[in-house]
Amino acid sequence: GEANGLLRRAFVDGDVVVNVNAPPKVVPDGSGRRFRATRLGAFFYRDAVVSNVQRLNGDGPAKVDLGGDEWDEMEVTIGGENMHQLKFASCDVSAISEGLVSVSTLSTWPESHPMQIRSDVLEATLESDPLHGMPMWLAE
């Protein structure tokens, strides 16, 4: 339809981008689709960042400056029990947790900007191709 044509033109012009997220193992849904057209969900991290910093001892790799001290390396781990997901039916977090590849279409213009993609056009990005699950505007 009209929205799909507008989205293809917006993609060519750089007014929208495609964000793809895949699970470690793709598991087709009951209809054999491997993709889902989605919007963004959210992860909330609370005390989920752990860092392990080691002091510089001789000729090491690139130094990390932490408040005037030089360090040899810094390891940061994100995850753990304090990571909470906000999932809803058409979001990327739900698709990935179900084993599907998430394909989200995102506007490059901030909300309320005069060049922002119309909300009805962005809503059309959630229409999935019945064969593969890709957004219809990409599949046509």
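The protein chain contains 4 helices and 8 strands; these are DSSP runs, helices being H or I with at least four residues and strands E with at least two, numbered from the N terminus. Read from the N terminus, the order is α-β-β-β-β-β-β-β-α-β-α-α. This is a predicted model, in which local features need pLDDT of at least 70 and side-chain atom pairs count only at pLDDT 80 or more, while totals for chains, interfaces and linings use all residues. Residues are numbered from 1 along each chain as its sequence is written, and side-chain values use heavy atoms, with hydrogens and water left out.

Let me turn to the chain as a whole. Of its 140 residues, 24% count as buried, that is, under 20% relative accessible area, with exposed meaning over 50% and partly exposed in between (1.4 Å probe, protein chains only). Contact here means heavy atoms within 4.5 Å. Among contacts with a separation of 6 or more, 71% are between residues 24 or more positions apart. The accessible surface is about 9,100 Å² (Shrake-Rupley method, 1.4 Å probe), and carbon and sulfur atoms hold 52% of that surface.

Next, the largest pocket. A pocket is an open set of points on a 1 Å grid over the protein atoms alone, where a 1.4 Å probe fits, with protein on both sides within 12 Å along at least five of seven lines; lining residues have an atom within 4 Å of a point. The volume, about 220 Å³, is the space filled by probe spheres set on the points. Strand S8 (101-107) and helix H3 (119-123) each supply at least two lining residues. The lining includes Thr38, Arg39, Thr105, Ser119 and Glu123, and it divides into 4 nonpolar, 5 polar and 2 charged residues.

Which residue does the side chain of Ser102 meet in a polar contact? The partner is the side chain of Thr38, at 2.7 Å, a polar contact being a pair of N or O atoms within 3.5 Å, one able to donate a hydrogen and the other to accept it. Ser102 lies in strand S8 and is buried, with a relative accessible area of 0%. Beyond four places in sequence, its contacts include Asn19, Arg36, Asp92 and Ile96.

Finally, Ser112, in the loop between S8 and H3, is exposed at 67% relative accessible area. Its phi is near 80 degrees, a positive value. Most residues other than glycine have a negative phi.

Note on methods. Ala, Val, Leu, Ile, Met, Phe, Trp, Tyr, Cys and Pro count as nonpolar, Asp, Glu, Lys and Arg as charged, and the others, Gly among them, as polar.
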